[in-house]
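Please check them against the structure shown below.

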Amino acid sequence: MRKTVRRMVVLITGFLMGFSVVSGQDVEAGKVVYDKWCAECHGIDGLGDGSAATTMLPRPRDFSQARYQIRTTGSGQLPTDDDLRLAIQEGLPGTTMPGWPNLSGPETEDVIAYVKSLSRFFGQGDPPQSLDFGSDPGGGSEAIEIGAQAYLTLECEACHGSAGRGEGTSSPTLEDWRGFPIRAADLTEGWYLNGGGSVEDIHARVLTGLDGTPMPAASDAMNAGVVSPDEVWQLAHYIASLGSAEMPTLRDVVRVARVEGTLPTDGSEAEWEGVDTFYFPLAGQVIQPPRNFAPTVDGVYVQGLHDGVDIVLRVQWHDPSESPDPAWDEWQVKFMNAIDLDGDSLVVDSLEAPMVRPPDALAVQFPFEIPEGTERPYFLMGDARNPVYLWTWNDQSGIGAGRGRGLDSVEELPEDPVTGNATWEDGRWTLYFRRAVTMEGDGLSFQEGTAIPVAFLAWDGSSGEVGKRNSISSWYYMLLDKPASSTVVVAPLIAILLTGALGLVLVRRAQDRERG
Amino acid sequence: MKRLLKQPFWQGAIVVAIAYVVFKYLIGYALPIIGVSSAPVPSSVILQYMLTVFVGVLLYMSAEEGRWGTFQKPIKEAMVSRDQKNLRGVLMVVIPIMVGWLAYQNVKPSFAAPATLRSIHPAPPNEITFRGLPIQLTGLENPLHENGSLEEHLQVGKAIYVKNCVPCHGDLLDGAGHFAQVFNPIPADFTNSGTLPMLTESFVFWRIAKGGPGLPQEGTPWDSAMPAWENILDENEIWSVILFLYDQTGFSPRTWHEEGEEGGEEH
């Protein structure tokens, strides 16, 4: 809603400026703004090769070729000024391009003029026109069903996968027009879609395609009569229904509810239905070299239950590859060559070399003991003075536990009783951990009713993520429910009785006095 | 209605109600709409404020004999009058239930994170060791002001900033980089007039060189995602970034000639 309002404002200001500044866009003034804010990524000549570009995938736009992904114009067409203005003002979610609300209206217009002047393609012929988007025939279960059919007809599944997490079989081969590896969008996390996650946004991307990427324009299929305009809208409704346009609300305490019956014995959907899910965003480990500037795993979904004896956790995250997987060799090599590895020794940088295929991995991090005060171990897997207790898993050696004294110093705890298993299905890992609530020896004893620090780390083997090159979270908390306490019922009851009695006494006394 | 407004009891009730709306909603939610920075008032503070207002109303009402009498009248009537029998019955039920509800709110299990106090700009040490060599922070100036070309330093600083700092502190220097939401505490916003202009360049140097792990205990070093950049950048590179930070935001650093110590600002 807020986004819609903001867009309206953007469109209206754009409209007004269209009148007042059409010829007033000042290329020279635009260059000053560009050099100050844009050049370090997009390059001083707009070739998308600024000094920081190698830390970014997708790469910053090369303005000289004027191939723009996010447009309202037809496939292969230049974007309109409104398209450029929207990208500058709102940024492109899921990429390193932020919105630029710090630029004034005239500054934005000037920089649009300058960016266009970096390519010889603008200014020739008629100005680009937005496509006719038609009108949305509406959503609902019927529309979504038709959309699901269109998803198959247009072969979206080949790249985006049957679940829409970008796990399609063609996914590992994708590259943009400059040969840089590119991911098929995870359609279930609408907040990371480059052009926005609303039905209108998705419809525009499907209809016009993403120029410079393998994503085709459905308008071609529409013109060929393969799908109708309504079906393209219904496809957008279907895609929107796969996930959410907004990131789940960040809550900082994982509630581990207490169950009286049996605990889930694995990570299957049936066993975990209805259990509250907590989402935590992850970032690339960009704190200690070798840093991970373009991580694969950008969030984890966490659930927990206990019965006073055992605690079980389910951690899920999206990863289009089940590493190790030879089908992703080509991707790994391309990726490792495209991204700044910050001095990391390459896992492997050529398909000719013998392939090293790191496994996918995840760690859940706790302190060894529940902290007395506010101090806890360093969030990045602890340090020498104050280690962390880890539940670990990777796709080769399975479940284990460890003592972390820093990102590159993890000692296994072979005696630890933690058990579990992991399954990968349709671009998503589901990891299940189980351990006794309290334990003797090395390892954390959970305590009901006390907030316990918890953090998460993830690795995607197919992108060469090993060791320090991973995704990390900050510290959050986990809280195990206490057994239902009688205080919760008794205290309010006593309060009610006392207040009632006090009221009666007061009224009686007042009445007695009145009668005299 | 007019008669009600003249009755001190209802006047008092209205003052208390208005005070509650102001503390609970106006300060936290209405002020930001007109662009004044503000935050919701914690419930413990609201309780304190409300007690003050309540006592104030009682003091005012009881300051004059006549007013005190009329103030009490509706209460007395509700308690004794035959005509108010129904009202009395309702109040005798509703008030205990409300108290019971408040009691329940206090004893029901809570899933809030424990509160942590953190000093945002803790006091800097007088001296640090940078890559094994001692550097005196007190009185320290950015040596690049006197050396080489400012233009070149700024270009070096900018390139370092965009590659290394942007993921968290953002292209706009507003602390809203693409990874910012993951970290707690959130990355510093350099466009905030309470940050760079309040600090000397030597303080910024200390924070960049030593990062999160170099914070004193009150800065919760175990939580901060700020790297200790001395492991990645050399001395001149850090000074260049500092020049860039002030140049790009248009702020001037605090100088050693201004009296007082910087830092130590508690939040």
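Which residues have the most contacts inside the largest nonpolar core?

1. This is a predicted model, in which local features need pLDDT of at least 70 and side-chain atom pairs count only at pLDDT 80 or more, while totals for chains, interfaces and linings use all residues. Residues are numbered from 1 along each chain as its sequence is written, chains are lettered from A and ligands numbered from 1 in the order in which they are written, and side-chain values use heavy atoms, with hydrogens and water left out.

2. The residues with the most contacts inside the largest nonpolar core, which has 54 residues, are A:Tyr34, B:Tyr161, B:Val204, B:Phe205, B:Ile238, B:Ile242 and B:Leu245. A nonpolar core is here a set of buried Ala, Val, Leu, Ile, Met, Phe, Trp, Tyr and Cys residues joined through side-chain atoms within 4.5 Å; buried means under 20% relative accessible area, exposed over 50%, and partly exposed in between, with a 1.4 Å probe and protein chains only.

3. At least two residues of this core are supplied by each of α2 (27-37), α3 (39-42), α4 (81-90) and α5 (105-117) of chain A, and likewise by each of β2 (127-130), α6 (150-169), α7 (201-210) and α8 (235-249) of chain B. The largest share, eight residues, comes from α8(B). Helices (H or I, at least four residues) and strands (E, at least two) are DSSP runs, numbered from the N terminus.

4. B:Ile238 touches B:Phe130, B:Phe205, B:Ile208, B:Ala209 and B:Leu233, when residues up to four places away in sequence are not counted; contact means heavy atoms within 4.5 Å. Another core, of 37 residues, lies apart from the one described above, and has among its members A:Ile311, A:Trp317, A:Ile452 and A:Ala458.

5. Chain A has 13 helices and 14 strands, and its C-alpha atoms fill a box of roughly 90 × 85 × 50 Å along the principal axes. Of its 516 residues, 52% count as buried, and among contacts between residues at least 6 apart in sequence, 67% join residues at least 24 apart.

6. For chain B, the domain assignment, which is automatic or taken from a database, gives domain 1 (2-107) and domain 2 (122-266). The C-alpha centres of these two domains of chain B lie 50 Å apart.

7. A:Ala495, found in helix α13 (residues 487-515) of chain A, touches B:Val99, B:Gly100 and B:Ala103, again not counting residues up to four places away in sequence. A:Ala495 is buried, with a relative accessible area of 14%.

8. Most residues other than glycine have a negative phi, and most peptide bonds are trans. A cis peptide bond joins A:Leu57 and A:Pro58, with omega about -5°, and A:Pro58 lies in the loop between α3 and α4 of chain A. A cis peptide bond also joins B:Asn184 and B:Pro185, with omega about 5°, and B:Pro185 lies in the loop between α6 and α7 of chain B.

9. Phi is positive, near 50°, at B:Arg131, which lies in the loop between β2 and β3 (133-136) of chain B and is partly exposed, with a relative accessible area of 46%. B:Thr220, in the loop between α7 and α8 of chain B, has a positive phi of about 45°, but B:Thr220 is buried, with a relative accessible area of 4%.
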